[in-house]
Amino acid sequence: MADEEIDDVDRAILYALQEDARNMSSGDIAERTGTSDSTVRKRIQRLESEGIVKGYSAQVDYQRSGYPLRMLLFCTAPIPERGERIPEILAIDGVVSVQELVTGEQNLLVTAVGESDSDITPVAQKLLDMGLTVADEVLVRSHETTPFSNLDPEVHESTDS
């Protein structure tokens with residue numbers, strides 16, 4: 001949990017970073033939040049040091065970059081081991097994310113990308129070799145994301161009224 005409570009300014013900063021961290025300057029965010037540039041920079045540093053902002057990354061369209069297959073693999077690992085296995089799973093070629101699930105029989109969701117089925121099949125085999133059960137495989141056509149609206153100060157203003 002955070003050392004300090006997250007307030008409306010922090011939420012607005014988080015929302016702005018989710019929208020476009022690459023092109024959003026601290027001055028732009030300060031203007032939106034009605035604070036100073038230095039306040040925004042200090043807040044971002046605090047959010048990073050507390051692990052609330054975990055990093056910055058590009059959203060890659062794998063299909064357009066030559067990797068048209070995106071496969072979700074629902075796996076089961078022994079409950080005490082599931083979190084410990086994540087770094088090992090992420091080290092498998094083709095794996096781009098792992099999510100630890102806390103409900104249901106399947107407790108790990110592995111996302112792999114590749115050019116063809118021959119790129120994805122070895123991922124499933126390596127998961128099996130690790131002692132995981134691959135319960136289901138789902139081929140994904142598209143994947144889109146959006147900033148979490150609860151962090152948007154404009155949404156909060158309209159719902160607080």
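**View 1. H1 and the largest pocket.** Helix H1 puts five residues into the lining of the largest pocket, the largest share of any element. Helices here are DSSP runs of H or I with at least four residues, strands are runs of E with at least two, and both are numbered from the N terminus. This is a predicted model, where local features need pLDDT of at least 70, side-chain atom pairs count only at pLDDT 80 or more, and totals for chains, interfaces and linings use all residues. Residues are numbered from 1 along each chain as its sequence is written, and side-chain values use heavy atoms, with hydrogens and water left out.

View 2. A pocket is an open set of points on a 1 Å grid over the protein atoms alone, where a 1.4 Å probe fits, with protein on both sides within 12 Å along at least five of seven lines; lining residues have an atom within 4 Å of a point. Of its 36 lining residues, Ser 57, Ala 58, Gln 59, His 143 and Thr 145 lie nearest the centre.

**View 3. The second largest pocket.** This one holds about 220 Å³ of space. Twelve residues line it, with Ala 12, Arg 32, Asp 152, Pro 153 and Glu 154 closest to the centre. H1, helix H2 (26-33) and helix H6 (153-160) each give two or more residues to this lining, and H1 has the largest share with six.

Key:
Points joined across faces, edges and corners; volume = space filled by probe spheres on them.
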